[in-house]
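Here is a quick walk through the structure. Have the sequence to hand as you read.

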Amino acid sequence: MGFFKSLVTMQGLISLIIVVLICLGVYIFAKSKGKKASISTKDVVAIGIGAALFAAVSFLSIPIGPNTSFRIAIALLVIFGAIYGPIVGFLVGFIGHALNDALMYGSVWWSWVFMSAMIGLFAGFIFLNKSFSVKTGQINKSHIIKMYLYSIFGILAGSVVSYLGDVFLYGEPADKVWLQIILANISNFVVIAVVGIPAIIALAKRNSKGSLEKE
């Protein structure tokens, strides 16, 4: 399978090392915030379901530039990140994007896998806020503003990793990469702002009503 062949390349091995380091760093950071840092069985299931959904929904894409597409699947990253945390969001993006690449193209372009992974990672930082919870309907205007800011930071972080990977690991021309990044950033932010975050707000409000009814 293209996924495993891509995994044993230099780019694939470097990507795995980065994944381990990021997950370890987030684990330590989350623990320092007094939030659940370990990965539970539910989280593993969420990663599997989220990655599979992301890979499948990513087939529904609209080309908007050279090797760049508008993907509604991006919304799933902020949803899973907000519900389950940064590590889950990160791995849903990383595994899901890699699977979609392998299935669609026969190999994985690792630098762009991190674009999705970083969006999921930063989207999950809102989960570390003690006063926020999608599951219990705890959400306010401050949380919503933070979700938009985290999404922007995630897009920017993903852009940096994608640029460095494309130019220095894959030898892609910088001008082409900049065009791809600009188009991808606009597309991803539109999806997050119009679909992803509103979906989180709706889920939280629904859960809030459910909690009130039980009381």
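Leaving aside its neighbours within four places in sequence, which residues is Ile119 in contact with? They are Ile74, Leu77, Val78, Gly154, Ile155, Asn188 and Ile192, where contact means heavy atoms within 4.5 Å.

Before going on, a word on the model: it is predicted, so local features need pLDDT of at least 70 and side-chain atom pairs count only at pLDDT 80 or more, while totals for chains, interfaces and linings use all residues. Residues are numbered from 1 along each chain as its sequence is written, and side-chain values use heavy atoms, with hydrogens and water left out.

**The core.** Ile119 is also one of the residues that touch the most other members of the largest nonpolar core, along with Phe90, Trp110, Leu121 and Ile200. That core has 58 residues. A nonpolar core here is a set of buried Ala, Val, Leu, Ile, Met, Phe, Trp, Tyr and Cys residues joined through side-chain atoms within 4.5 Å. Buried is under 20% relative accessible area, exposed is over 50%, and partly exposed is in between (1.4 Å probe, protein chains only). The elements giving two or more residues to this core include H2 (10-32), H5 (86-105), H6 (110-123) and H8 (174-214); helices are DSSP runs (H or I, at least four residues), numbered from the N terminus. H6 gives the most, with 11 residues.

**Helix H6.** This helix is mostly covered, with 14 of its 14 residues buried. Its end C-alpha atoms are 20 Å apart, which agrees with the 20 Å that its 14 residues should span at 1.5 Å a residue. The expected span is 1.5 Å times one less than the number of residues.

**Out at the surface.** Ile72, Ile182, Ile186, Val190, Val194 and Val195 form a nonpolar patch on the surface, and together they have about 490 Å² of accessible area. To join such a patch, residues need over 30% relative accessible area and no salt bridge, with nonpolar side chains (Val, Leu, Ile, Met, Phe, Trp, Tyr) joined within 5 Å. Areas come from the Shrake-Rupley method with a 1.4 Å probe. Ile182 sits in H8, while Val44 is found in H3.

| Residue | Relative accessible area | Class |
|---|---|---|
| Ile182 | 46% | partly exposed |
| Val44 | 49% | partly exposed |
| Lys176 | 28% | partly exposed |
| Glu172 | 19% | buried |

**One salt bridge.** Glu172 and Lys176 meet through their side chains at 2.9 Å, N to O. The rule asks for a side-chain nitrogen of Lys or Arg within 4 Å of a carboxyl oxygen of Asp or Glu, and the count comes to 1 salt bridge.

Technical notes: Patches are made of residues with over 30% relative accessible area and no salt bridge: like charges are joined within 9 Å, nonpolar side chains (Val, Leu, Ile, Met, Phe, Trp, Tyr) within 5 Å.
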